[in-house]
Amino acid sequence: MFRFEDPYILALLCIIPFAVLYRKRRCQRPSLRLPSAGPAWDLSEGFFVTVAEWLPALKYLALCLMIVSLARPQWGTRQVDVQTEGVNLILAVDLSESMAALDFNKGGKIINRLEAVKGVIQQFVANRAGDRIGLVVFGEHAYTQLPLTRDYDTIVDILDRVQIGAAGKSTAIGDAIGISLKRLEDIESKSNIIVLLTDGRSNSGELSPEAAVEIAAQKKVKIYTIGVGSEGKAPFRVNVPGYGERYVYQRVDMDEETLKTIATSTHGRYFRAADTDTLEKIYETIDSLEKTKVTVKTYDNYRDLYQSILAAAFGFLSIWLALSYTRLLRVP
C-alpha cells in the first residue's frame, strides 16, 4: 500500500505552474534591441540550442521531486488485529426429508425449506464480526459439518453444499444438541450459543431432547430454537413412475412444545418461521441479541521512499547547474 505521511505538503506543487508562467512572460520582454538578423533565422538549430530550451524543465522537475519527498511517500502494509471475547455460536440445521417441503417463496419463486434457510443463514453469517461459528447438521444422525471458525467464507461454502437427506430421513434433535455442545467445548468462551432450526418432531437418535437440554442448562449454553414451515399439509415434489414429476401434499408434524421448552430451559427464545420474511426477521433478532464487543487495533509497517526521490531531485538539479554555468551559460 502506498501513502504520503504528510500529504498536505503536496499543495506546494501549485507553485510550479505560476513559476513557469512567470519565467515565460519574463523571457518575452527583451532588455536589449538588436539589428535584424533575418538571414540567420534560416539556419537549423543545433543540439545544444534544443537542450537549452528544455533546460529549465530540469529545475522544475527537481523542485517537484523535492516537494514530493517532503510529503514523505511510504510503501508498506497495514495490519489489523481484531481482539474480542468472542461468541461461540453453533448453527444446527435439520436435513431431514421434511425440509424438502415447497412452502417458501423467494422473489416470486417457490423454494424448499432448506434453500430458504441457506439464504438467510448466509446473510446472518455475513453480518457477524469476530465470532466463532460452527455448523452441525442432523437428521436421523447428527454430524459436525464444520468446527468453530472465523472463516466465514468457508462456512457459507460448506452450508451451500449440504443436501436434504444427507444425515438420514428422521429427526434427532437431542443428538444435534449433544454434538453442538461438544463442539462448543473445543474453544473456551464466556458466551456459548446454539441456533437450532428444525421443522419436525424428534423421533430418532440416542440422546433425548430433555437430557440434552439438561446438559446445556448446566453448561449455561443458550439455545435459540426455530420451527420452520407452514402449518398443516405442505407440498412436496416427487417422481411418480410412468407420470414423471408430481406435487403431493403431506402433513409435517412439528413439536412446538418441545422447541419452546428447549428455549426457555436455556434462557433462549423460540421462533416460528412460516415464510421467508419471517425467517429473515428471526435471524436479524438473534443477530441483535447476541452482539459481541469487538476491539480493533491497527498496526502500520511502512518504509520511507523519500531518500530515493530526494536523490533523484538533487541529480536533476546538479545537471541543471552544471549545464547552466558551463556549456549553456546565458549572458544577459
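Helices (H or I, at least four residues) and strands (E, at least two) are taken as DSSP runs, numbered from the N terminus. Axes are lines fitted to C-alpha atoms, for helices over the stretch in contact, and angles run from 0 to 180 degrees between N-to-C directions. The model is predicted, with local features needing pLDDT of at least 70 and side-chain atom pairs counting only at pLDDT 80 or more, while totals for chains, interfaces and linings use all residues. Residues are numbered from 1 along each chain as its sequence is written, and side-chain values use heavy atoms, leaving out hydrogens and water.

We can turn to α3 and α8. Helix α3 (residues 113–127) packs with helix α8 (residues 276–289) at an angle of about 25 degrees, their axes lying 10 Å apart. This makes α3 roughly parallel to α8 (angles under 35 degrees count as such). The crossing of α3 past α8 is right-handed, that is, the near helix is turned clockwise from the far one by less than a right angle. On the α3 side, A116, V117, V120, I121, F124 and N127 meet T276, L279, E280, Y283, I286 and D287 of α8, contact meaning heavy atoms within 4.5 Å. Sorted by class, this contact of α3 with α8 holds eight nonpolar, two polar and two charged residues; Ala, Val, Leu, Ile, Met, Phe, Trp, Tyr, Cys and Pro count as nonpolar, Asp, Glu, Lys and Arg as charged, and the others, Gly among them, as polar.

Next come α6 and α7. Between helix α6 (residues 209–218) and helix α7 (residues 256–265) the packing angle is about 15 degrees, with the axes 9 Å apart. Accordingly, α6 is roughly parallel to α7. Here P209, V213 and A217 of α6 meet T258, I262 and S265 of α7, a contact with four nonpolar, two polar and no charged residues.

Notes: Parallel < 35°, antiparallel > 145°, perpendicular 65-115°, else oblique.
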